[in-house]
Amino acid sequence: MKSLEELNELKEKVQKDLNTRKSEGKPKVIVGMGTCGIAAGARKIMQALLDEINKRDLDVIVSQTGCIGMCEKEPLVDVKLPGKDRITYGRVTEEDAQRIIVEHVVNGNIVEDLVEAKLEE
């Protein structure tokens, strides 16, 4: 580091990273990445979700978890919007992942034909 400008750039980057980790009040997308999920293609689904979120420059927390418990319906994706029920989508394809981001995360409309479970808060 050679200048105050570089230090300020680093400070802004670290602050942005820290804000990204704060999940309170942000939409969350969780991908089941147990061995069953990975075998069913969850890695491709995770990448499709991240691509769509980055393309739209959305402030969304994306994480992975182990087996969600409905292995026969993998790949599974949970969406939790602030103040709303947690929705589990099953048998998600890459196209479905894009659709879930657009319809549910961006517009707040549940993609009913893909819903496997609703978990009330």
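Start inside the protein, at its largest nonpolar core. This core has 22 residues. Val29, Leu49, Val77, Val79 and Tyr89 make the most contacts inside it. Five elements each supply at least two of the core residues: β1 (28-32), α3 (42-55), β3 (77-80), β4 (86-89) and α4 (94-106). The top contributor is α3, which gives 6 residues. The model is a predicted one.

Which residues does Val29 contact, leaving aside its neighbours within four places in sequence? Its partners are Leu49, Val60, Ile61, Val62, Ser63, Val77, Asp78, Val79, Ile101 and Val105. Two of these names, Leu49 and Val77, come from the list of residues with the most contacts inside the core. Val79 is on that list too. The partners of Val29 also include Ser63 and Asp78.

β1 covers residues 28-32. Is this strand mostly covered or mostly open? It is mostly covered, with 4 of its 5 residues buried. Strands pair with β1 in both senses. β2, residues 61-65, pairs with β1 in the parallel sense, over 5 bridges. β3 pairs with β1 in the antiparallel sense, over 4 bridges. Val31 shows both pairings at one residue. In β3, the bridge partner of Val31 is Val77.

Step back to the whole chain. The protein holds 4 helices and 5 strands. Along the sequence, they follow the pattern α-β-α-α-β-β-β-α-β. The C-alpha trace spans about 55 × 30 × 25 Å along its principal axes. Of the 121 residues, 34% count as buried. Take contacts between residues at least 6 apart in sequence: 64% of them join residues at least 24 apart.

The accessible surface comes to about 7,600 Å². Carbon and sulfur atoms account for 47% of that surface. As for charge, the protein has 19 positive and 23 negative side chains. The centres of the two sets lie 3 Å apart.

Terms used
Residues are numbered from 1 along each chain as its sequence is written. This is a predicted model: local features need pLDDT of at least 70, side-chain atom pairs count only at pLDDT 80 or more; totals for chains, interfaces and linings use all residues. Side-chain values use heavy atoms; hydrogens and water are left out. A nonpolar core is a set of buried Ala, Val, Leu, Ile, Met, Phe, Trp, Tyr and Cys residues joined through side-chain atoms within 4.5 Å. Buried means under 20% relative accessible area, exposed over 50%, partly exposed in between (1.4 Å probe, protein chains only). Contact means heavy atoms within 4.5 Å. Two strands pair if DSSP finds at least two bridges between them. Accessible areas come from the Shrake-Rupley method with a 1.4 Å probe; for residues, only the protein chains shown count as cover. Lys and Arg count as positive and Asp and Glu as negative; His and the chain ends are not counted. The place of a charge is taken as NZ of Lys, CZ of Arg, CG of Asp or CD of Glu.
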